Amino acid sequence: MLSIPERNRQILELRKKGMSQTEVARRFKLSPSRVYLIEKQDAADRSLEQRRTRLREEIRGDDDLERMWPLEDLIDAVGLIVVTRKRLMDHFVATGKRQISLRELMDMCLDAPVEGPDFMMSPLLRVYGVGKKGFWFVVNGLTGMDLGGRCNEEWRKRLVRVMIKHIPAWPR
């Protein structure tokens with residue numbers, strides 16, 4: 001029994017070799033429209049990856065913490081999971097923000113005072129629906145990107161603070 005990702009890879013390979021949708025569908029006991037959807041999703045994934053690569057190159061080349069980026073561009077460059085991406089977009093649209101700097105996104109990962117009680121919490125964790133998983137996707141996305149020399153250095157400094165706070169066994 002093939003896993004779905006392996007099946008889809010084989011479907012795409014056969015389609016690239018010129019086999020018709022109907023023949024591929026018959027071989028894998030799927031409908032031709034399902035084969036079409038698999039191809040469409042693959043094209044969308046490749047397009048997003050090309051966009052992400054281009055945006056990351058632009059961010060690295062700019063190497064400016066203060067530059068304001070269109071919200072969607074910066075979020076796409078970080079490479080977030082769908083739910084985190086959606087929640088952040090919703091949050092910023094609700095607050096009227098259409099652009100964000102790398103510094104602002106980095107700051108969202110650091111603890112800040114919370115109104116009312118005397119405690120600190122990352123602004124990112126206060127965004128409805130982001131949660132710990134989304135928080136770590138943002139942290140890991142920023143960590144995995146080459147942001148440019150100055151921006152990388154700034155992120156490394158902030159990352160130490162994030163790790164000290166959010167990983168109990170992290171050396172203090």
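**Salt bridges in the predicted model**

Lys 157 and Glu 153 sit four residues apart, about one turn, in helix H8, which spans residues 149-166 (helices being DSSP runs of H or I, at least four residues, numbered from the N terminus). Their side chains meet in a salt bridge, with 3.9 Å from N to O; the term stands for a side-chain nitrogen of Lys or Arg within 4 Å of a carboxyl oxygen of Asp or Glu. Glu 153 comes out as partly exposed, at a relative accessible area of 43% (buried is under 20%, exposed over 50%, and partly exposed in between, using a 1.4 Å probe and protein chains only).

This is a predicted model, so local features need pLDDT of at least 70 and side-chain atom pairs count only at pLDDT 80 or more, while totals for chains, interfaces and linings use all residues. Residues are numbered from 1 along each chain as its sequence is written, and side-chain values use heavy atoms, leaving out hydrogens and water.

Run over the model, the salt-bridge rule gives a count of 20. One of the pairs is Lys 97 with Glu 104, whose closest N and O atoms are 2.7 Å apart. Both ends are partly exposed: Lys 97 has 27% relative accessibility, and Glu 104 has 25%.

Another pair is Arg 85 with Asp 76, at 2.8 Å between the closest N and O atoms. Here Arg 85 is partly exposed, with a relative accessible area of 25%, whereas Asp 76 is buried at 6%.

Definitions and conventions: Helix = DSSP H or I, 4+ residues; strand = E, 2+ residues; numbered from the N terminus.
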